[in-house]
There are 2 protein chains.
Amino acid sequence: MGSQKRGAGRPAKPVLNRDLIAEQALELVVEEGLDRLTMTRLAKKLSVATSALYNHVDNKADIVLLIQDALVSQVSVEEMLRLTQGEATLDSALAAWARSYRAVFAKYPSLIPLIAVTPVSDAPMTLRMYNIVAEAVVSAGIPQDKVISVIVAFESFLFGSALDMNAPSNVLDAGESSAGSSSLERAIAATKSSAQEAGVATGSADQQVQHTNFYAEPPFQLGLEALIRQALELVQ
Amino acid sequence: MGSQKRGAGRPAKPVLNRDLIAEQALELVVEEGLDRLTMTRLAKKLSVATSALYNHVDNKADIVLLIQDALVSQVSVEEMLRLTQGEATLDSALAAWARSYRAVFAKYPSLIPLIAVTPVSDAPMTLRMYNIVAEAVVSAGIPQDKVISVIVAFESFLFGSALDMNAPSNVLDAGESSAGSSSLERAIAATKSSAQEAGVATGSADQQVQHTNFYAEPPFQLGLEALIRQALELVQ
């Protein structure tokens, strides 16, 4: 093949920018784990010199912020924006935000411990999300000094729920070593029977996300309802 | 130093058993990360031949179960046992179990994604905990088919709350890139002011655990109260 033909058939090499770096960093972390994320490996994946990468990001911590922003920008804040406009209710906005948040992070469970402790100050899309949510819930009457508690209580539950979506459906099964676990066994049997009646095990309760764990939805609904009710009671 | 003196001054080398393996595996994972947990490295840390380790555990997955059991056995179920005996209330038992659970896992945040998806069937202390909790909440009137939802909703929140305890106190601070984040800033300022009045920032709200994140307690209390109320309403 001549160089002209090869040049014509291929798209131009994309210009290195922070979006592209975030995308490839996320891929690297998902495929190989956070420990394998280094400036050198990321530069190699991007087919650029490490020095070129340093023109755009300072260090690994900076890349983590890019990854955080790339994830958070996938979380839908549509219903929160509508709430601020007076076109949605607090409970529908919290529920829509929570479901979207959980779905995004359920795709990247291994990143959750990192994202949960990464300060948001240099992650513009993350700041944007928090600001939209804060403005919306304040507009709905949540007192200023309760906004952070509400957001963090939801997030704590959502991070854990995102992890639970990745659990196998038999995560709590007692299996063969069931001696002394009869109360647990009865509870699991009752849950399965109840879930089958409700059609949960066939996935009809939530088609938005592929569940590994068929039984993740009822506990999520229970906790979400609890948190939404608590938030509604804070409204002044 | 002669060999006799050395022999007399040192304790005998501990016999290899699953408790010792769990303890050293936990140490290895905390110090070096889960990726570095291999049969070979663990054997070296235990100063035994890899073949000796294989006499006690089958593989890495088996070691993860040992670690899970070692952590879960630290979670207090005292108040749940008292509930089953009719000597405690459902809300006090759920609160005590939840606080203890969060405190244990807050010490090992990097293990949370793994523990959250590890089936419990071959982890006897973990099965024991679930069985005690299931028996207790059923004795208090939670319907059989809601027990798993209640436990999993709590756990989801507790895993996330354990992560949040490890966040720096400034995790949500907008910092210098605060353009467009004024609602968030006002909420943070109101939270800090309110927390200082309540003495949260000086740690007086919870002396049991060393907080990195001074502001972890109010959202935890909000979510815990929400979940406990939801559970109480299920009582028949």
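Select chain A to begin: of its 236 residues, 50% are buried. The model is a predicted one.

**Chain A as a whole**

Colour chain A by secondary structure. The chain contains 12 helices and zero strands. Followed along the sequence, the elements read α-α-α-α-α-α-α-α-α-α-α-α. If the contacts within chain A are displayed, take those with a separation of 6 or more: 70% of these join residues 24 or more positions apart.

**Both chains together**

**The H12 pair**

Now select residues 217-234 in chain A and residues 217-234 in chain B, which form helix H12 of each chain. Which angle do these two helices make? They pack at about 115°, and their axes lie 8 Å apart. Because angles of 65 to 115 degrees count as roughly perpendicular, H12(A) is described as roughly perpendicular to H12(B). The crossing of H12(A) past H12(B) is right-handed.

Display the side chains at this crossing. On H12(A), the contact is made by Leu222(A), Gly223(A), Glu225(A), Ala226(A), Leu227(A), Arg229(A), Gln230(A), Glu233(A) and Leu234(A). On H12(B), the contributors are Leu222(B), Gly223(B), Glu225(B), Ala226(B), Leu227(B), Arg229(B), Gln230(B), Glu233(B) and Leu234(B). Colouring these residues by class shows eight nonpolar, four polar and six charged residues in the contact of H12(A) with H12(B).

**Thr126 in chain B**

For the last stop, select Thr126(B), which belongs to helix H9 (residues 124-139) of chain B. Is this residue buried or exposed? Thr126(B) has a relative accessibility of 1% and so counts as buried, the cut-off for that class being under 20%. Then display the surroundings of Thr126(B). Leaving aside residues up to four places away in sequence, Thr126(B) touches Gln68(B), Asp69(B), Val72(B) and Val120(B).

Definitions and conventions. Residues numbered from 1 in each chain as written. Chains lettered and ligands numbered in written order. Predicted model: local features only at pLDDT ≥ 70, side-chain atom pairs only at ≥ 80, totals over all residues. Heavy atoms only, no water. Axes fitted to C-alpha atoms, helices over the stretch in contact; angles between N-to-C directions. Helix = DSSP H or I, 4+ residues; strand = E, 2+ residues; numbered from the N terminus. Parallel < 35°, antiparallel > 145°, perpendicular 65-115°, else oblique. Left-handed = near helix turned anticlockwise from the far one by under 90°. Contact = heavy atoms within 4.5 Å. Nonpolar A, V, L, I, M, F, W, Y, C, P; charged D, E, K, R; others polar. Buried < 20%, exposed > 50% of the residue type's maximum accessible area, 1.4 Å probe, protein only.
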